[in-house]
Amino acid sequence: MRRLLLFAIFGLAALIGCDTAALETESQVVVEAYLEAGAPMDSVRLTRTARASAEYTPERTAVQGADVQVQRLNDSGGVAATVPYTETDSTDGLYIPETPATVKSQATYRLQATPPEGPVVAAETTVPAPVEAVRTQNDTTTYPDPDDENSDPPQFELTVRPGPSALERQNVYVLTSRSLLDLQSIPASPPDSVAGRLLTPFYLEQYDADSDTLASFRVNSSGLLNEANFTSNDDGTVSITLPWLAVAFYGPNQIRASVVDDNLYDFLRTQSAQQMSLAPGEIPNVDEDIENGTGIFGSFAEASGKVLIRPPDLTVDDIPLRP
């Protein structure tokens, strides 16, 4: 479930709303599942597309009673291991592994979901090689003062050692920042309060105390970033500098650098193209590879570090900088 929440910011609902498949009379099964190299296998969510004029909610469109399994394939394409999934009692359409299993890096996995009605929905992903966090720099720093054009504090830097890529392209990363503050315990308040001033300037301008919660700004993600955008070091490591715009909250933040597989790469690349296409009839479909369905079955490997970001105009005692 943690991974579903992490990548929900990429907007799977946008796929459902923009893909021409969502306009078909016959609904399709929508898959949402992610595998992280070296982590336990995560959940699989199954829903159905809705008409363009209908409200889409996972609860109302959940696919229940499906037979779901994830197979790890061997080098010849045969099945090396199978992990059966079972539907949770708490959330309709959400399936979890019946037994714990760890995702193997550089292995190919095949998802098979058989709904009560309709054909088998299937997809494959090859998990990227693991990424190791080697070191961090500027673990405590101060956000630039927006009123001082000469303000240039050092930026947080995460140096990682990526594994060998089996793809015919350079590694592509997604950077995700997550505030570690206990935002649930901070009441909603106007922007001139202490709680409102937890937000960095760009996000403070977007914040509406009447309609937003601080928790809704907790996780922020970049688009696709090619490895060439970062600093390649002689020892084979890559140093990633965190852009200030990626930080929504002062205080402790966790920064993740994720190398994505081809499925996530294609999904995010074409979704970005959708958002840039404004002319009617020129919106491209999202590029996804789901047999007899739509959605995303992707994988990634990640490394992370933590940074404490101090506000430029407040002392440490003025705001809760601890998680």
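The model is predicted: local features need pLDDT of at least 70, side-chain atom pairs count only at pLDDT 80 or more, and totals for chains, interfaces and linings use all residues. Residues are numbered from 1 along each chain as its sequence is written, and side-chain values use heavy atoms, with hydrogens and water left out. The protein has four helices and 17 strands; helices (H or I, at least four residues) and strands (E, at least two) are DSSP runs, numbered from the N terminus.

**Overall figures**

- Of the protein's 323 residues, 46% count as buried; buried means under 20% relative accessible area, exposed over 50% and partly exposed in between, with a 1.4 Å probe and protein chains only.
- Among contacts (heavy atoms within 4.5 Å) with a separation of 6 or more, 71% are between residues 24 or more positions apart.
- The accessible surface comes to about 15,900 Å², and carbon and sulfur atoms hold 47% of that area; the areas come from the Shrake-Rupley method with a 1.4 Å probe, and for residues only the protein chains shown count as cover.

**Nonpolar cores**

- A nonpolar core is a set of buried Ala, Val, Leu, Ile, Met, Phe, Trp, Tyr and Cys residues joined through side-chain atoms within 4.5 Å.
- In soluble globular proteins, nonpolar side chains tend to be buried together.
- The largest nonpolar core has 47 residues, and Leu46, Val68, Tyr109 and Phe297 have the most contacts inside it.
- Strand β17 (residues 293–310) gives the most to this core, with five residues.
- Leaving aside residues up to four places away in sequence, Phe297 touches residues including Val31, Leu35, Tyr109, Leu111, Ala123, Asp261 and Ile290.
- A second, separate core of 12 residues includes Ala195, Leu198, Leu199 and Phe249.

**Strand pairing**

- Two strands pair if DSSP finds at least two bridges between them.
- Strands β6 (residues 108–114) and β7 (residues 121–126) run antiparallel and are joined by six bridges.
- Ala113 has Val121 of β7 as its bridge partner.
- Six residues lie between the strands of the β6 and β7 hairpin, where Gly118 takes a positive phi near 110°.
- Four strands form an open sheet with antiparallel pairing, in the order β8-β10-β15-β14.
- The edge strands of this sheet are β8 (131–137) and β14 (231–232), each of which pairs on one side only.
- Within the sheet order, β10 (residues 157–162) and β15 (residues 238–241) are antiparallel and share four bridges; Glu157 stands opposite Thr241 in β15.

**Aromatic pairs**

- The whole structure contains six aromatic pairs; rings of Phe, Tyr and Trp (its six-membered ring) pair if their centres lie within 6.5 Å, with planes under 30 degrees apart counted as stacked, over 60 as edge-to-face and the rest as tilted.
- The ring centres of Tyr203 and Phe217 are 6.4 Å apart and the planes stand at 90°, so this pair is edge-to-face.
- Because Tyr203 lies in helix α3 (residues 201–206) and Phe217 in the loop between α3 and β12 (219–221), the pair ties together parts 14 residues apart in sequence.
- Both Tyr203 and Phe217 are buried.
- Tyr207 and Phe217 have ring centres 6.1 Å apart and planes at 70°, so they too form an edge-to-face pair.
- Tyr207 is also buried.
- One aromatic cluster is formed by Phe202, Tyr203, Tyr207 and Phe217.

- Glu302 is in strand β17 and counts as buried because its relative accessibility is 15%.
- The side chain of Glu302 makes polar contacts with those of Arg256 at 3.1 Å and Ser258 at 3.3 Å.
- Ser43, in the loop between β1 (29–36) and β2 (44–48), is buried at 3% relative accessibility.
- The side chains of Ser43 and Asp42 are joined by a polar contact of 3.4 Å.

- Most residues other than glycine have a negative phi.
- Gln106 has a positive phi near 65°; this residue is in the loop between β5 (94–97) and β6 and is partly exposed, with a relative accessible area of 44%.
- Asn292 has a positive phi near 60°; its place is the loop between α4 (262–276) and β17, and at 46% relative accessible area Asn292 is partly exposed.

Conventions: Polar contact = N/O pair within 3.5 Å; in protein donor to acceptor, adjacent residues only side chain to side chain.
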